[in-house]
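Me: I am new to this structure. Please pick out a single part, look at it closely, and tell me how it is put together and what surrounds it.

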Amino acid sequence: MSSEFSGRIALVTGASRGIGRAAAVALGQAGAHVILLARTVGGLEEADDEILRAGGKATLIPADLSDFAAIDQLGPAIGQRFGRVDILVVASGKNDVSKITDMAPARFLDVMDANVTQSWLMARAATAQMLRQGQGGKIVLVSSARGTRTT
């Protein structure tokens, strides 16, 4: 299995389900070693099994992305363990839909933290590692169709 992803290290958040899992499986099938990140260990194990059945390689890292200090350490830790980070796919987030008049500020800030701040922190951590490597990398930030909903 030779492709442009062969031998690449791909870090995927939200890899336990949905778009994140689909991206992780596709990257694994294409030859990347996929680092699976999510809070849901059972979902990570299922994604890992799917990648392994397809002949790919994966490593599970249960992680709570609301721990900002842990995110800052993630890029260097992955770089130290695997030598590099070539691809980051941020597909984690929180879907908490409410009318603006019904949503408390604390609830809104929690959604913003999950969907914006944590994505930015992951991109920041991966970018630092990619710059240390001297060859850059690719970062993909994913949003669901909910991001375009106006009603």
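Reply: Strand β2, residues 33–38, runs parallel to β3, and six bridges join the two. Strands here are DSSP runs of E with at least two residues, helices are runs of H or I with at least four, and both are numbered from the N terminus. Within this pairing, His-33 has Lys-57 of β3 as its bridge partner.

The model is a predicted one: local features need pLDDT of at least 70, side-chain atom pairs count only at pLDDT 80 or more, and totals for chains, interfaces and linings use all residues. Residues are numbered from 1 along each chain as its sequence is written, and side-chain values use heavy atoms, with hydrogens and water left out.

The β2 and β3 pair belongs to an open sheet of five strands, in the order β3-β2-β1-β4-β5, with parallel pairing. Two strands pair if DSSP finds at least two bridges between them. The edges of the sheet are β3 (57–62) and β5 (138–141); each has a single partner strand, so one side of each is left without a neighbour in the sheet. From one strand to the next, the twist averages 15°.

Leu-11 has Leu-88 in β4 as its bridge partner. Strand β4 is also joined to β5 by four bridges, again in parallel, and Val-90 stands opposite Leu-141 in β5.

The side chains of β4 point in two directions. Ile-87 and Val-89 point one way from the strand, while Leu-88 and Val-90 point the other way. These four residues are all buried, where buried means under 20% relative accessible area, exposed means over 50%, and partly exposed lies in between (1.4 Å probe, protein chains only).

Strand β1 contains Thr-13, which is buried because its relative accessible area is 0%. Contact means heavy atoms within 4.5 Å. Setting aside residues up to four places away in sequence, Thr-13 touches Gly-20, Leu-37, Leu-65, Val-89, Val-90, Ala-91, Ser-92 and Met-122. Val-89 and Val-90 in that list are among the buried residues of β4.

Next come the helices that lie across the strands. Helix α1, residues 18–29, lies across β1 (9–13), β2 and β4 (87–90), running at about 165° to β1. Helix α4, residues 105–133, lies across β1, β2, β4 and β5, running at about 180° to β4. For these values, axes are lines fitted to C-alpha atoms, for helices over the stretch in contact, and angles run from 0 to 180 degrees between N-to-C directions.

Ile-51 belongs to helix α2. It is buried, with a relative accessible area of 0%. Apart from neighbours within four places in sequence, Ile-51 is in contact with Ala-24, Val-25, Gly-28, Val-34, Leu-36, Gly-56, Lys-57 and Ala-58. Lys-57 in this list is the bridge partner of His-33 described above. The C-alpha atoms of Ile-51 and Gly-28 are 5.6 Å apart in space, although the two residues are 23 apart in sequence.

The whole structure holds six salt bridges, a salt bridge being a side-chain nitrogen of Lys or Arg within 4 Å of a carboxyl oxygen of Asp or Glu. One of them joins Arg-21 and Glu-50, at 3.2 Å from N to O. Arg-21 lies in helix α1 and Glu-50 in helix α2 (residues 41–53), so this pair ties together parts that are 29 residues apart in sequence. Glu-50 counts as partly exposed because its relative accessibility is 28%. Arg-21 and Glu-50 also form a salt-bridge network with Glu-46.

A salt bridge also links Asp-72 to Arg-124, with 2.8 Å between the closest N and O atoms. Since Asp-72 lies in helix α3 (residues 68–82) and Arg-124 in helix α4, the pair ties together parts that are 52 residues apart in sequence. Asp-72, at 34% relative accessibility, is partly exposed, and Arg-124 is partly exposed at 41%.

In the salt bridge between Arg-84 and Asp-86, the closest N and O atoms are 2.5 Å apart. Both of these residues are buried.
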